[in-house]
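Trainee: Could we go through the charged side chains in this one together? I would like to start with whatever term we need first.

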Amino acid sequence: MGLWKRLTNLVSKPEPAKVEKSPMDLSVGDICEVSLVTYEVKGSVRNRARNAVVLTIQDGNAIAYLHIEERETVRYALYYPIDGGLEDSSQVPSHIEMDDTDYYLEEQYEGTVISTGRTPALQSGDQSVWQYQSDDRKLLRVEWQAGRFTLYEGEFVLNGDVHVIRAS
């Protein structure tokens with residue numbers, strides 16, 4: 001190596017360390033692991049006002065939805081779509097009984113979401129969400145957007161059970 005090359009290496013700035021993505025930063029094409037199952041991210045619906053994202057994730061033919069919300073701590077929930085619907089968004093009940101499980105309204109909110117990739121939310125825009133929990137910690141999520149209801153059943157996921165495998 002020549003003297004000039006050595007001097008250039010001494011005064012040049014080192015490349016900044018590559019910052020690892022958190023699950024909150026995942027986007028279409030990234031790979032993550034949830035409870036020892038590897039998924040590819042197919043889409044995301046972000047609610048920036050709540051610092052939350054719902055990732056559409058796929059393992060083979062199975063599609064699931066990973067809800068991530070960052071407050072004092074990061075909370076994860078894994079949901080699966082279920083059939084069903086409600087009549088009117090203004091008459092969503094505070095108690096729902098389904099398959100011998102009683103779900104109680106935990107939280108209801110509205111906000112503007114940004115949708116990318118393959119998601120149940122066909123477009124970005126206003127979305128209403130009702131989140132329910134049963135006595136045995138099962139979760140139920142009801143979304144309403146653009147005149148369409150989508151329902152999901154799920155469970156909480158431990159923080160240590162979600163890992164970024166490959167991020168673009």
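Predicted model: local features only at pLDDT ≥ 70, side-chain atom pairs only at ≥ 80, totals over all residues.

Trainee: Then which backbone oxygen does the side chain of Arg-46 reach?

Mentor: One is the backbone oxygen of Met-24, which the side chain of Arg-46 reaches at 2.9 Å, and another is the backbone oxygen of Leu-26, lying 2.6 Å from a polar atom of that side chain.

Trainee: Switching topic: which residues are linked in a network of salt bridges?

Mentor: The network links Arg-50, Glu-69, Arg-71 and Glu-107. Within it, the side chain of Arg-71 meets that of Glu-69 at 3.3 Å, N to O, and Arg-71 also pairs with Glu-107 at 3.0 Å, N to O.

Trainee: What does the pair of Arg-71 and Glu-107 tie together?

Mentor: Arg-71 lies in the loop between strand 4 (62-70) and strand 5 (74-82), whereas Glu-107 is in strand 7, so the pair ties together parts that are 36 residues apart in sequence. As for accessibility, Arg-71 is partly exposed with a relative accessible area of 41%, Glu-107 counts as partly exposed at 22%, and Glu-69 counts as buried at 7%.

Trainee: What about Lys-21, which side chain does it meet in a salt bridge?

Mentor: Lys-21 meets Asp-30 in a salt bridge of 3.1 Å, N to O; Lys-21 is partly exposed, with a relative accessible area of 24%, while Asp-30 counts as buried at 0% relative accessibility.

Trainee: Last one: which residues form the negative surface patch?

Mentor: The negative surface patch is formed by Glu-97, Asp-99, Asp-100, Asp-102, Asp-135 and Asp-136. Among them, Asp-102 has its place in strand 7 (residues 101-117) and is partly exposed, with a relative accessible area of 30%.

Trainee: And Ser-134, buried or exposed?

Mentor: Ser-134, found in strand 8 (residues 125-134), counts as buried at 5% relative accessibility. Between Ser-134 and Ile-96 there are 9.5 Å in space, C-alpha to C-alpha, although the two are 38 residues apart in sequence.

Conventions. Residues numbered from 1 in each chain as written. Heavy atoms only, no water. Patch = residues over 30% accessible without salt bridge, like charges linked within 9 Å, V, L, I, M, F, W, Y side chains within 5 Å. Areas by Shrake-Rupley, 256 points an atom, 1.4 Å probe, with all protein chains shown as cover. Salt bridge = Lys/Arg side-chain N within 4 Å of Asp/Glu carboxyl O. Lys, Arg positive; Asp, Glu negative; His and termini not counted. Charge placed at Lys NZ, Arg CZ, Asp CG, Glu CD. Helix = DSSP H or I, 4+ residues; strand = E, 2+ residues; numbered from the N terminus. Buried < 20%, exposed > 50% of the residue type's maximum accessible area, 1.4 Å probe, protein only. Polar contact = N/O pair within 3.5 Å; in protein donor to acceptor, adjacent residues only side chain to side chain.
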